[in-house]
Amino acid sequence: MESFLIKGGVPLHGEVTISGAKNAALPILAATLLTDEPCVIRRVPDLSDTRFMVQILQSLGATAKFENGTVTVHAKKIRGYADYELVRKMRGSICIAGPLLARLQKARISLPGGCIIGARPINLHLKGFASLGVKTKIEGGYIDATVKKLIGNTMFLGGRAGPTVLGTANVMMAATLADGVTVIESAACEPEVVDLANFLNAMGAQISGAGSPTITITGVKKLHGAEHEVIPDRIEAATFLIAAGATNGEVTLRGARADHLRAVIDKLSEAGVSVERSGADLIARRKGKLKPVDITTLPYSGFPTDVQAQMMSLLVLANGISIITERIFESRFMHVSELARLGADIEIEGPSAIVKGGKPLSGAPVMASDLRASAALVIAGLAAKGATQVNRIYHLDRGYEQMDAKLRKLGARIQRVEEK
Ligand code: EPZ
């Protein structure tokens, strides 16, 4: 297995280009199953998750090619049964269910396992499908879903932690080919849902309200092929903004969307990291000493849960007490014990982490656990004195395109090595 070997203490300087958004690309790739015509998706980040999704499309019978960030898919004839091994490996693959139900009126996919950040239930996906007339049976780790004809309906998709992003995506995709009108109340408002709706409308769907808590989908008979460029990855952008602040550097982000980052930019400013717009670019630099801030993760447009771990790595450097409360996932503090190995002083109290920041970090071997926790460990390693080895970085390769190369270009001393 591979590790990152980081020699910390170097302020990051220079420019970095933000890749396409993983969490937009995955449902958009699934949406290409909705038509028997070819689709071209551009600015798809080259990640293990996106490569898995392309393999899943191929295992369903579609032809799919992934070259230089562009995926061409032609789902001329497909079957409704995805390869268990592939689907099991990636939670995001659950979003092939909606397109398969719309295209074939059936879908047999493996129950997506939970993961390290929480149970990851799909009850809201199934509730939405049931509202459209879908019958589902769960046995042997599979979901068998069938429907005679999808019938539009009004449904409430809010759950224990608010809206569901992929649940909204799944039901929206199924509803594009349903009979009649579907209204999703308490829909997710994330930019990735808006990007998916824009692609579906380019295919001939009739969707309005994406980005608001109420999305209306008027079913159509057929969808045609379309081309689309995926939005930039706001979570990758936030990660680099935070890395600039943590290393006391100055980094220019090319292609990031400031309008997708308002909560992050607001909190960074409060913490002493300024983020300025210069044309289409964003420039992050420290403004004096870092200050402690309190953060609560919320559904969009609140502070994103996918940036919580990275922010914690910044706040361990700020003199004083920061309280970080995770409201979306039930166990998303795996990075805390690893940050403690670098000298951070953090206590967990239920859904909150009490960060007693200001002690200097010193390098040590640490273990990546989930995608964003791994990013937090890289940021901490860049700020720590001495060498930090981040092990099991396959977690990172799921969601960050060439992270080590991008950081090296900014002056970081980071190498990808075989874990000893
Ligand atoms: C998406 O996951 C993202 N993944 C996650 O990013 C992100 O953290 C999450 O949205 C929240 O923003 C992709 O888009 C591939 P949810 P998703 O359904 O859709 C509960 C990353 O690091 N819930 O919005 O699976 C759930 O348990 C990943 O890139 C139900 O209760 O998340 C959670 O508490 C991690 N029932 C909350 O809702 C359901 O049926 C939000 O989950 C579905 C979800």
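Visitor: Where in the chain is Ser301?
Guide: Ser301 sits in the loop between β17 (295-296) and α10 (308-315). The model is a predicted one.

Visitor: What makes the bond between Tyr300 and Ser301 a cis peptide bond?
Guide: Its omega is about 20°. Most peptide bonds are trans, whereas the one that joins Tyr300 and Ser301 is cis.

Visitor: What is the phi of Arg392, and where does this residue lie?
Guide: Phi of Arg392 is near 60°, a positive value, and the residue is not a glycine. Most residues other than glycine have a negative phi. Arg392 belongs to the loop between β22 (387-391) and α13 (394-397).

Visitor: Which residues are closest to the ligand, and how many surround it?
Guide: The ligand is surrounded by 23 residues, and the closest are Asn123, Arg160, Thr164, Asp306 and Ile328.

Visitor: How do you know that the protein buries the ligand, and what part of its area?
Guide: Alone, the ligand exposes 820 Å², and the protein buries 94% of that.

Visitor: Which elements give two or more residues to the shell around the ligand?
Guide: They are α1 (22-31), α5 (123-131), α6 (165-175) and α12 (371-383). α5 gives the most, with three residues. By kind, the residues of the shell are 11 nonpolar, five polar and seven charged.

Visitor: Why is the ligand said to lie between domain 1 and domain 2?
Guide: Domain 1 (2-19 + 232-418) and domain 2 (22-229) both give residues to the shell around the ligand, so the ligand lies between them.

Visitor: How do you know that the two domains are in contact?
Guide: Their centres, taken over C-alpha atoms, are 30 Å apart. The contact takes 24 residues from domain 1 and 21 residues from domain 2, with heavy atoms within 4.5 Å as the cut-off.

Visitor: What area do domain 1 and domain 2 bury between them?
Guide: About 1900 Å², with 53% of it on carbon and sulfur atoms. The size of an interface is often given as the accessible area lost when the parts come together.

Note on methods: Residues are numbered from 1 along each chain as its sequence is written. This is a predicted model: local features need pLDDT of at least 70, side-chain atom pairs count only at pLDDT 80 or more; totals for chains, interfaces and linings use all residues. Side-chain values use heavy atoms; hydrogens and water are left out. A residue is near a molecule or strand if one of its heavy atoms lies within 4 Å of it. Accessible areas come from the Shrake-Rupley method with a 1.4 Å probe; for residues, only the protein chains shown count as cover. Helices (H or I, at least four residues) and strands (E, at least two) are DSSP runs, numbered from the N terminus. Ala, Val, Leu, Ile, Met, Phe, Trp, Tyr, Cys and Pro count as nonpolar, Asp, Glu, Lys and Arg as charged, and the others, Gly among them, as polar. Domain bounds come from an automatic or database domain assignment. Buried area is the accessible area (1.4 Å probe) that two parts lose on being put together, summed over both.
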